[in-house]
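Here is a brief report on one protein model.

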Amino acid sequence: MDTQQSKAKEEAAVDAELAKAIMARCFHPSLIGTEAWEGYVFSDMEIRIKESTDLYGAVLWPSATVLCHFLETNRDKHNLTDQNVIELGAGTGLVSVVSSLLGAKVTSTDLPEVLGNLKCNVMRNTKDRCKYIPLVTELIWGPEVEQRFPRATHCFDYILAADVVYAHPYLEELMDTFDHLCQENTQILWAMRFRLERENCFVDRFRERFQVEELYDLPSLSIKLYRAWRKDKKTKDQR
Ligand SMILES: C[S@@+](CC[C@H](N)C(=O)[O-])C[C@H]1O[C@@H](n2cnc3c(N)ncnc32)[C@H](O)[C@@H]1O
């Protein structure tokens, strides 16, 4: 076996092992009750997520589990305790819940039609378990971000996003939202599921604006996890 083949084999083994560990976080109820939910274990706590199948944001996507796994297993490098965190396109809220359990001050955002289910999942999974009560609020990507989160009064340590890039017409607005919220010391942790060529283009354009590091590459799940920060500024661990 040549070096290239053995490297590919090694990468495939890392992918398989990591994907298995991530997927093992999920469990299903042993009894069918009146309410459908999916269970996850993070931070030694059971998290119950309620989905509803009529909206994109009401379903939990595997990128969210990947990002949560990273956050929990990399607390030495990315300690969320007391950190100001905003999640974009939070959907059913798993990432916001896990970040809150890890000690962050979380602002969980999404479209107005998703907020009811999001609020319900975030509140019931964090109640009496977290240092800070998370805030669940509307944020439609685009110009509204400047009014809702003025840079002078809102400074985030982390922007979290899972599976927010797909075939929707607001990719430019999403890019501008990242740009507005990402200040000098902000780090973006973004889990991205690859489906279509359009998504690769978004990553290329994102790299033009931000410095990007690839943290996970999971071909078996078609997911990559990126860390990013402003090109013109340096983050704490770069100084
Ligand atoms: C594929 S879902 C991912 C949900 C969640 N992050 C996850 O990984 O399970 C995409 C999310 O982006 C939100 N979204 C889509 N377009 C949006 C927009 N223009 N402004 C704000 N949120 C948006 C959707 O409501 C949805 O929650």
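Two strands count as paired if DSSP finds at least two bridges between them. This is a predicted model.

**The sheet.** Seven strands make up an open sheet with mixed pairing. Their order is S6-S5-S4-S7-S8-S10-S9. Strands S6 and S9 stand at the edges, each with a single partner strand, so one side of each has no neighbour in the sheet. On average, neighbouring strands are turned by 20 degrees against each other, direction ignored.

| Element | Residues |
|---|---|
| Helix H1 | 3-23 |
| Strand S6 | 135-138 |
| Helix H7 | 197-209 |
| Strand S9 | 210-218 |

**Helix H1.** H1 has 21 residues. From first C-alpha to last, H1 reaches 30 Å, close to the 30 Å expected at 1.5 Å a residue. H1 is hardly covered: one of its 21 residues is buried.

**The core.** The largest nonpolar core holds 56 residues. Leu67, Leu94, Val95, Val98 and Ile159 touch the most other members. Beyond four places in sequence, Leu67 touches Val95, Leu160, Ala162, Leu189, Ala191 and Leu225.

**Arg209.** This residue lies in helix H7. Is Arg209 buried or partly exposed? Arg209 counts as partly exposed, because it has 16 C-beta neighbours inside 10 Å. Setting aside neighbours within four places in sequence, Arg209 is in contact with Asp179 and Lys231. Arg209 and Arg230 are 21 residues apart in sequence, and their C-alpha atoms are 7.1 Å apart in space.

Technical notes
Residues numbered from 1 in each chain as written. Predicted model: local features only at pLDDT ≥ 70, side-chain atom pairs only at ≥ 80, totals over all residues. Helix = DSSP H or I, 4+ residues; strand = E, 2+ residues; numbered from the N terminus. Axes fitted to C-alpha atoms, helices over the stretch in contact; angles between N-to-C directions. Expected span 1.5 Å × (residues − 1). Buried ≥ 20, exposed ≤ 12 C-beta atoms within 10 Å, placed from the backbone. Core = buried A, V, L, I, M, F, W, Y, C linked by C-beta atoms within 7 Å. Contact = placed C-beta atoms within 7 Å.
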